[in-house]
Amino acid sequence: MLVTRVESADDPRIADYRALTDLELRTRWEPPNGLFIAEGELVIRRALKAGYRLRSILVDEKRTEQFADLADDDVVYAGTPDLLEAITGFHVHRGVLGSFHRRELPSVGELVTSARRLVVLEGLNTHTNLGALFRSAAALGIDAIVLSPNCADPLYRRAVRVSMGEVFAIPYAKAEAWPEALKVVRDAGFRLLALTPGADSVMLQELGAADRERPALMLGAEGPGLTRAALAASDVRVAIPMQNGVDSLNVATAAAIAFWELCR
């Protein structure tokens, strides 16, 4: 492995990795430039296994041999831990970062044709929740995920890290029109199940066979939940039974419980 040593945080060759903690800057930089950042050896290997094309890696110069098989000769940059922190804005304790090319996403119509169990997310804009939800979806049997236009980016570094790279295992599409995309899902033969703690909701474990055959579980943002338009478009409102006066759960936790129930 031929390694290029980086001496300055201003080196233009490592611009992909600059200010990784600045969410607004990264949101403006990454999707328009068709790239995303993967943090840590495990996540990078999962991105490679999923077929994402590596653009470069940035590595702690003391650990280059540990990651020698990750990249081609012409895309490896190394620096001291202090320099990596100056570039990225945080201590890179996992020792390695990878910059990858994004892939073109399928349309909602294309996505739903090959799925049996679907998740539909509306306004889920917290990257940690999104990453945790993708990880649970991959583990518990969900086939694909539809995102409303105002959802967070599944390939943002924090979402990728929290998912442990499982965002690469679940196909997803971002709807261009909302809530019109829900009609596309229903027309593909799915039952739209809106997860909401409302009094008119059916307990998840009481759902019949027809609702379980091709479920599309709808979840909203932490706090506000699903909008009125999304609830109106649903076929059934469903809830997780609660005790001790608790009225709701973290959205990623609620999702995992619902995934297990629908996929068992």
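**Close-up 1. Pro-179 sits in the loop between β8 (172-174) and α7 (180-187).** This is a predicted model. A cis peptide bond joins Trp-178 to Pro-179. The omega angle of that bond is about 10°.

**Close-up 2. Two residues other than glycine, Met-164 and Asn-244, have positive phi values.** Met-164 belongs to the loop between α6 (157-162) and β8. Its phi is near 55°. Met-164 counts as partly exposed because its relative accessibility is 26%, and partly exposed covers the range between the buried limit of 20% and the exposed limit of 50%. Asn-244 belongs to the loop between β12 (236-239) and α10. The phi of Asn-244 is near 60°. With a relative accessible area of 79%, Asn-244 is exposed.

**Close-up 3. Met-242 is another residue of the loop between β12 and α10.** Is Met-242 buried, partly exposed or exposed? Met-242 has 34% relative accessibility, so it counts as partly exposed. Beyond its neighbours within four places in sequence, Met-242 is in contact with Asp-247, Ser-248 and Leu-249.

**Close-up 4. Helix α5 (residues 127-140) packs with helix α10 (residues 251-263).** Two packed helices are described by the angle between their axes and the distance between those axes. Here the angle is about 15° and the axes are 9 Å apart. That angle makes α5 roughly parallel to α10, because angles under 35 degrees count as roughly parallel. The crossing of α5 past α10 is right-handed.

**Close-up 5. The contact of α5 with α10 involves residues from both helices.** From α5 come Asn-129, Ala-132, Leu-133, Ser-136, Ala-137 and Leu-140. They meet Val-251, Ala-252, Ala-255, Ala-256, Phe-259, Trp-260 and Cys-263 of α10. How many nonpolar, polar and charged residues does this contact have? There are 11 nonpolar residues, 2 polar residues and no charged ones.

**Close-up 6. The largest nonpolar core has 51 residues.** In soluble globular proteins, nonpolar side chains tend to be buried together. The residues with the most contacts inside this core are Leu-121, Ile-145, Phe-168, Leu-195, Leu-217, Leu-219 and Phe-259. Which element gives the core its largest share? Helix α10 does, with 7 residues.

**Close-up 7. Leu-195 is among the residues with the most contacts inside the largest core.** What does Leu-195 contact beyond its neighbours within four places in sequence? Its partners include Leu-204, Leu-217, Met-218, Leu-219 and Leu-226. Leu-195 is also in contact with Val-238, Ala-239, Ile-240, Ala-254 and Ala-258. Two of these partners, Leu-217 and Leu-219, are themselves named with Leu-195 for the most contacts in the core.

**Close-up 8. Glu-261 lies in helix α10.** Is Glu-261 buried or exposed? Glu-261 is buried, as its relative accessible area is 8%. Setting aside residues up to four places away in sequence, Glu-261 touches Leu-204, Gln-205 and Arg-212. Leu-204 is also a contact of Leu-195.

**Close-up 9. Ser-234 occupies the loop between α9 (228-233) and β12.** Ser-234 is buried, with a relative accessible area of 14%. Not counting residues up to four places away in sequence, Ser-234 touches Arg-186, Leu-192, Ala-194 and Met-218. Met-218 is also in contact with Leu-195. Ser-234 and Leu-217 are 17 residues apart along the chain. Their C-alpha atoms are separated by 9.5 Å.

**Close-up 10. Ile-44 is part of helix α2 (residues 41-49).** Ile-44 is buried, with a relative accessible area of 0%. Leaving aside neighbours within four places in sequence, Ile-44 is in contact with Ala-38, Leu-70, Val-96, Leu-97, Gly-98 and Phe-100. Leu-2 is 42 residues from Ile-44 along the chain. The C-alpha atoms of Ile-44 and Leu-2 are separated by 19 Å.

Notes: Residues numbered from 1 in each chain as written. Predicted model: local features only at pLDDT ≥ 70, side-chain atom pairs only at ≥ 80, totals over all residues. Heavy atoms only, no water. Axes fitted to C-alpha atoms, helices over the stretch in contact; angles between N-to-C directions. Helix = DSSP H or I, 4+ residues; strand = E, 2+ residues; numbered from the N terminus. Parallel < 35°, antiparallel > 145°, perpendicular 65-115°, else oblique. Left-handed = near helix turned anticlockwise from the far one by under 90°. Contact = heavy atoms within 4.5 Å. Nonpolar A, V, L, I, M, F, W, Y, C, P; charged D, E, K, R; others polar. Buried < 20%, exposed > 50% of the residue type's maximum accessible area, 1.4 Å probe, protein only. Core = buried A, V, L, I, M, F, W, Y, C linked by side-chain atoms within 4.5 Å.
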